[in-house]
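These are my notebook entries on a structure I had not looked at before.

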Amino acid sequence: MISILKHLNPFTPFKPKVIYTSWGSIDPAVDIFPVIYLLSIYGFIYIFPYGRDIVGMSWFDWFRSEDGPLEWIQFIGYFIGFICSSIILFKRRRIGINKKWMAWLILALICFFVAGEEISWGERITGIGLDSIRAINSQGETSIHNIHFFHHYLLDPSFEISCLFLGWIGWRAWPSIDAFPEKRYSLYFLFVALFYFYFDISQASTISQIRNDQEIFEVLMSLGIASHCWNKAFQK
């Protein structure tokens, strides 16, 4: 167990090491934090008792609730991604505008946008929003990703496509563009793409659509981006 725990900090440089267990050794080429995280959520927090006595619902539902802990972790993750991407752009300002610089600029803007969307551009803190957007928003908030058309038709495919690029296509097709996360971060994004694909395809099945645990999986994407940007900004 101690050998596994040493590999769980995604904000440190990646050093491949053999993990020794009672059943044999494991030699991962990627971060295993997403695996341990999901096992903890569904194997421990899912059955952890007394949530209704303390937070009014199960601990599992509280964690994945709207405006719950996981959603705020996502905001923090994307905001860290924005800050670190901005630091990288500042450090490379004298190099001039090239493909790498533009890729980091796009990533910084995306992180800023998604961080703002996660807290409805401050409405969840201040209560101040735009009635024109609230009127066409699925949750009655000032956020673009929950506008009816985007939320029902574009949101899930955008997660699936972006996570495939960030978790696999990017580092394989364009390894020289370091704004794409390295192979070590693959599971932070591929698990999210797999969840959304399975969630959408279950709509066409003969059974009820699977439960929407999007917050549980989306937090992995934010942590993957945050740790990738952090390590690139402060790498030695």
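**Entry 1, the whole chain.** I began with the contacts in the protein chain that have a separation of 6 or more, and I found that residues 24 or more positions apart account for 58% of them. I note here that the model is predicted, and I read each value below with that in mind. For the secondary structure I counted 11 helices and 2 strands, and reading along the sequence I wrote down the pattern α-β-β-α-α-α-α-α-α-α-α-α-α.

I then looked up the extent of the chain, and the C-alpha trace spans about 50 × 45 × 40 Å along its principal axes. The radius of gyration is 19 Å, which agrees with a compact globule, because a globule of 236 residues would have a value near 18 Å. Of the 236 residues, 41% count as buried, while the chain exposes about 13600 Å², with carbon and sulfur atoms supplying 68% of that area.

Which residues lie nearest the centre of the largest pocket? I found Ile110, Val114, Ser158, Ser162 and Met221 there, in a lining of 36 residues. The elements that give two or more residues to this lining are α5 (69-91), α6 (99-118), α9 (148-173) and α11 (214-234). I noted a volume of about 760 Å³ for the largest pocket, and I sorted its lining residues into 18 nonpolar, 10 polar and 8 charged.

The lining of the second largest pocket divides into 6 nonpolar, 8 polar and 6 charged residues.

Is serine 227 buried or exposed? Serine 227 has a relative accessibility of 0%, so I recorded it as buried. This serine lies in helix α11, and, leaving aside neighbours within four places in sequence, serine 227 is in contact with Pro10, Phe11 and Tyr185. I also checked serine 227 against asparagine 9, and although they are 218 residues apart along the chain, their C-alpha atoms are separated by 9.1 Å.

Glutamate 123 lies in helix α7 (residues 123-126), and I recorded glutamate 123 as buried because its relative accessibility is 12%, with the cut-off for buried set at under 20%. With neighbours within four places in sequence left aside, I listed its contacts as Ile128, Gly129, Arg134, Gly140, Glu141 and Thr142.

Tyrosine 50 is not a glycine, yet I found a positive phi of about 70° for it. I placed tyrosine 50 in the loop between α2 (33-43) and α3 (51-54), and I noted it as exposed, because its relative accessible area is 59%.

Aspartate 67, also not a glycine, has a positive phi of about 65°.

How values were computed
Residues are numbered from 1 along each chain as its sequence is written. This is a predicted model: local features need pLDDT of at least 70, side-chain atom pairs count only at pLDDT 80 or more; totals for chains, interfaces and linings use all residues. Side-chain values use heavy atoms; hydrogens and water are left out. On a 1 Å grid over the protein atoms alone, a cavity is a set of points where a 1.4 Å probe fits but cannot get out, and a pocket is an open set with protein on both sides within 12 Å along at least five of seven lines; lining residues have an atom within 4 Å of a point. Grid points are joined across faces, edges and corners, and a volume is the space filled by probe spheres set on the points. Helices (H or I, at least four residues) and strands (E, at least two) are DSSP runs, numbered from the N terminus. Ala, Val, Leu, Ile, Met, Phe, Trp, Tyr, Cys and Pro count as nonpolar, Asp, Glu, Lys and Arg as charged, and the others, Gly among them, as polar. The radius of gyration is taken over C-alpha atoms; the globule rule is 2.2 Å times the number of residues to the power 0.38. Buried means under 20% relative accessible area, exposed over 50%, partly exposed in between (1.4 Å probe, protein chains only). Contact means heavy atoms within 4.5 Å. Accessible areas come from the Shrake-Rupley method with a 1.4 Å probe; for residues, only the protein chains shown count as cover.
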